[in-house]
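Student: Could you walk me through how to read surface patches and helix packing here?
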Amino acid sequence: MSVSGFLALLLALSPGGQLLVSGAGNSSTQPGVGLAGATGFATMSGSSDECDRVMNYSAAERCAFVKRTPDCSMEDGFINYLRLAFCLLPPNLTPLTITLCIVWLLVLFLILGLAASKFFCPNLSAISSTLRCSHNVAGVTFLALGNGAPDIFSAMAAISHPHTAGLAVGALFGAGIFVTTVVAGSVALVKPFAVASRPFLRDVVFYMIAVFWTFDILYRGTTTLGETLGYLFLYLVYVLTVLISSCIYNRQKNSATNDIQHAPQIPAELNSSDSSDDDDVPSMRGGTIQEEYESEYRPLLPYSESTSEILLSSLNPVDNRKWRRKPWTWKVVKVVKTPLEVLLLLCVPVVDPDKEDRNWRRPLNSLHMITAPLLCVLVFQSGAYGGVMIQGEFPVWLLILLLGMFVAAIVFCTTANDHPPKYHPLFAFLGFAVSAVLISAAASEVVSLLHMLGVVLRLSNTVLGLTLLAWGNSIGDLFSDITIARQGYPRMAIAACFGGIIFNMLFGVGSGCLMQMYETHSSVQFESEGLLTWILAGALGLSLVLSFLIVPLSQFHLGRSYGIFLLIFYCIFLLIALLTEFGIIHT
């Protein structure tokens with residue numbers, strides 16, 4: 001069920017905003033779950049979030065309560081949605097405010113989708129092709145880092161405090177089971193495919209080791225410096241294993257290719273591959289089709305566009321040929337998306353290997369030298385660095401603007417319109433970083449907005465952690481991985497599903513524990529949430545074991561039936577977790 005559908009169901013079932021009163025009552029006896037950043041974790045301990053009590057006051061008193069309560073500050077986003085909900089309009093118009101917030105939520109989802117499909121994924125493909133990485137290597141490195149950076153900073157912040165360490169690990173479990181079931185299941189539904197056998201087994205085994213290692217630490221309630229360093233070393237071993245296996249496979253492939261070239265005839269069976277990489281993914285074929293498609297519309301006589309024409313055409317996201325043959329529903333959606341696409345095109349460079357000249361646009365790419373760094377400064381960590389002053393006099397954003405103008409002038413004066421420069425691949429790294437920052441900022445707003453809706457709907461903190469927080473944690477993963485699958489790279493998406501959560505758990509927990517040890521000069525103590533934590537760990541471990549058994553039995557083919565199985569598994573887990581939260585299932 002989508003987030004918007006879930007919220008609509010809650011609104012329908014909560015007359016007068018009294019939904020789940022019993023659940024809210026449980027919040028005083030269970031650890032709270034707060035939100036921090038794009039994928040925030042709790043920064044509170046056993047005491048519940050005081051802001052949850054806002055609905056206990058009359059409508060006229062809620063605005064004053066939100067203003068004087070520190071827990072309602074919501075400093076991790078651009079907008080304080082609780083003040084927006086209770087102070088912007090008169091109390092009798094609060095439903096209108098909530099409706100406008102839901103519309104804004106849909107806009108944020110649209111921004112996430114555009115940033116992932118039009119900017120993040122093409123730049124990732126360009127980076128992997130520039131570095132000659134296989135899709136599996138790109139999935140467990142670049143895509144995992146892009147998806148997991150916000151999670152890492154949030155996990156480090158939460159684990160660095162003794163009372164929230166166990167809660168942060170529980171949130172990592174919740175996000176992990178969402179990614180390995182809902183995201184992986186959605187990829188299988190969107191693009192059924194044959195998974196690369198050895199990479200899949202490798203990723204599942206490494207993640208099972210990480211999960212059971214974390215489960216053991218939670219059971220004992222403490223960890224040592226050696227175990228913390230072991231966490232970081234295990235991820236290093238994982239990345240090295242991916243790189244080494246990729247090199248071995250490429251050598252085997254090249255050897256087999258040489259043998260084929262010297263053989264007069266090769267049976268069809270020898271050309272089929274059970275390889276560990278996805279070089280059989282038709283990335284180059286897509287480029288050939290694109291070139292053939294473009295060649296049909298090339299003018300017979302040579303024509304050179306002026307610089308201004310190149311800039312205007314680069315900022316036009318509407319393809320006239322597609323517009324004529326698309327249905328009216330597509331046209332309506334395109335009209336809605338066009339303003340956002342133009343703004344993103346102005347700020348985020350795109351290097352697309354499937355396009356002519358790899359999408360080099362001299363005037364626009366020169367302009368990106370100004371807009372891209374400026375956007376990062378103003379958006380990173382919800383604008384925390386936008387107002388920073390150098391020695392209290394010179395703003396950082398102005399320095400970035402001046403440096404960007406200088407670099408833009410150099411790029412514009414030393415390049416030509418008709419062919420890209422040698423350093424054009426560097427724009428892919430810039431576009432990758434900017435789009436990742438943008439996805440992180442948009443996801444941060446989504447999580448803050450969902451937190452406000454949870455408070456208004458009287459959802460307890462633990463329910464927020466299991467549902468809204470876990471969904472918010474994985475919004476970026478869901479959009480980017482499904483988009484990559486639709487574009488013909490489902491193996492990269494599956495590799496990113498496991499590579500990202502392995503990175504989040506091992507590097508996030510390891511770095512956070514090191515920070516706490518450095519501050520306290522003692523071992524890390526974890527405070528478990530009780531039965532709910534063991535349900536989270538058990539469900540995640542069970543899903544991994546079932547995938548480890550079912551996928552090989554199905555000849556490593558991830559079809560729609562497997563995707564449906566994962567989604568049903570997540571629904572059953574969510575039901576059991578909610579029944580446990582409300583005390584129906586207890587020890």
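Tutor: Patches are made of residues with over 30% relative accessible area and no salt bridge; like charges are joined within 9 Å, nonpolar side chains (Val, Leu, Ile, Met, Phe, Trp, Tyr) within 5 Å. A salt bridge is a side-chain nitrogen of Lys or Arg within 4 Å of a carboxyl oxygen of Asp or Glu. Areas are Shrake-Rupley values with a 1.4 Å probe, and for residues only the protein chains shown count as cover. This is a predicted model: local features need pLDDT of at least 70, side-chain atom pairs pLDDT 80 or more, while totals for chains, interfaces and linings use all residues. Residues are numbered from 1 along each chain as its sequence is written, and side-chain values use heavy atoms, without hydrogens and water.

Student: Which residues form the nonpolar patch on the surface?

Tutor: Phe212, Phe215, Tyr219, Val545, Leu549 and Ile550, with about 560 Å² of accessible area together. Helices H8 (197–220) and H21 (531–553) each give two or more residues to it. Helices are DSSP runs (H or I, at least four residues), numbered from the N terminus.

Student: And how do I read helix packing?

Tutor: Two packed helices are described by the angle between their axes and the distance between the axes. Axes are lines fitted to C-alpha atoms over the stretch in contact, with angles from 0 to 180 degrees between N-to-C directions. Take H12 (residues 307–314) and H15 (residues 362–379): about 70 degrees, axes 7 Å apart. That makes H12 roughly perpendicular to H15 (65 to 115 degrees).

Student: What makes the contact of H12 and H15?

Tutor: Thr307, Ile310, Leu311 and Ser314 of H12, with Arg362, Pro363 and Leu364 of H15; contact means heavy atoms within 4.5 Å.

Key:
Parallel < 35°, antiparallel > 145°, perpendicular 65-115°, else oblique.
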